[in-house]
Amino acid sequence: MRLYDGNKTISCMYGKGEVYAESIGLNTGRQIGGKDVFDGDILRYGNEILVVTWDRQFLCWRTADKEGAYIFDLRAIIDILGKPCEIIGNVIDNPELLKG
């Protein structure tokens, strides 16, 4: 079953639950610790909490701090810089990670 708002699908039923369109993040094509990284994922990078986001100006995956300021290119965090990095949640399921 699909629910529509005009021409936009706002939710779909798949198997056991409902999926809302705004909760689906695009796969970045990168992995951290064997897990795919998606748009909206929240990362712990050293002592920092960062959010994976698409940068429309530079057309690349970037990370932003809790206030939304761009910090690093995602590729640099995964491939170049040396601090440990892990996926700790995402903006839909774990918004509390961005508070404080």
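**Notebook: salt bridges, sheet and core**

Entry 1. I began with the pair Arg-62 and Asp-55, which form a salt bridge with their closest N and O atoms 3.0 Å apart. The model I am reading is a predicted one. I then looked up the accessibility of both partners: Arg-62 is buried, and Asp-55 is buried as well. For this I kept to the cut-off of under 20% relative accessible area for a buried residue.

Entry 2. I next asked how many salt bridges the structure holds. The count is 3. I recorded Asp-79 with Arg-30, where the closest N and O atoms are 2.5 Å apart. Asp-79 belongs to helix α1 (residues 74-80) and Arg-30 to strand β4, so this pair ties together parts 49 residues apart in sequence. Asp-79 counts as partly exposed at 44% relative accessibility. Arg-30 is also partly exposed, its relative accessible area being 27%.

Entry 3. I turned to Glu-86 and Arg-44, whose side chains meet in a salt bridge at 3.5 Å, N to O. Glu-86 sits in strand β10 and Arg-44 in strand β6, so parts that are 42 residues apart in sequence are tied together by the pair. I noted Glu-86 as partly exposed, at 40% relative accessibility. Arg-44 is partly exposed too, with a relative accessible area of 38%.

Entry 4. I listed the secondary structure and found 1 helix and 10 strands. Along the sequence, the pattern reads β-β-β-β-β-β-β-β-β-α-β.

Entry 5. I traced the open sheet of 5 strands, which has the order β9-β8-β7-β6-β10 and antiparallel pairing. Which strands stand at its edges? They are β9 (70-73) and β10 (85-90); each has a single partner strand, so one side of each is left without a neighbour in the sheet. I also noted the angle between neighbouring strands of this sheet, which are turned by 40° against each other on average, direction ignored. Between β6 (residues 41-45) and β10, which run antiparallel, I found 5 bridges. Within this pairing, Ile-42 has Gly-89 of β10 as its bridge partner.

Entry 6. I then examined β4 (residues 27-32) and β5 (residues 35-38), an antiparallel pair joined by 3 bridges. Asn-27 has Phe-38 in β5 as its bridge partner. The two strands, β4 and β5, form a hairpin with 2 residues between them. In the turn, Gly-33 has a positive phi of about 60°.

Entry 7. Which residues make up the largest nonpolar core? I found 7 in all: Ile-32, Val-37, Leu-43, Val-52, Trp-61, Leu-74 and Ile-87. In general, nonpolar side chains of soluble globular proteins tend to be buried together.

Entry 8. Of its 100 residues, 26% are buried. The protein exposes about 6800 Å², and carbon and sulfur atoms supply 51% of that area. Among contacts with a separation of 6 or more, 39% are between residues 24 or more positions apart.

Definitions and conventions. Residues are numbered from 1 along each chain as its sequence is written. This is a predicted model: local features need pLDDT of at least 70, side-chain atom pairs count only at pLDDT 80 or more; totals for chains, interfaces and linings use all residues. Side-chain values use heavy atoms; hydrogens and water are left out. Two strands pair if DSSP finds at least two bridges between them. Helices (H or I, at least four residues) and strands (E, at least two) are DSSP runs, numbered from the N terminus. Axes are lines fitted to C-alpha atoms, for helices over the stretch in contact, and angles run from 0 to 180 degrees between N-to-C directions. A nonpolar core is a set of buried Ala, Val, Leu, Ile, Met, Phe, Trp, Tyr and Cys residues joined through side-chain atoms within 4.5 Å. Buried means under 20% relative accessible area, exposed over 50%, partly exposed in between (1.4 Å probe, protein chains only). Contact means heavy atoms within 4.5 Å. Accessible areas come from the Shrake-Rupley method with a 1.4 Å probe; for residues, only the protein chains shown count as cover. A salt bridge is a side-chain nitrogen of Lys or Arg within 4 Å of a carboxyl oxygen of Asp or Glu.
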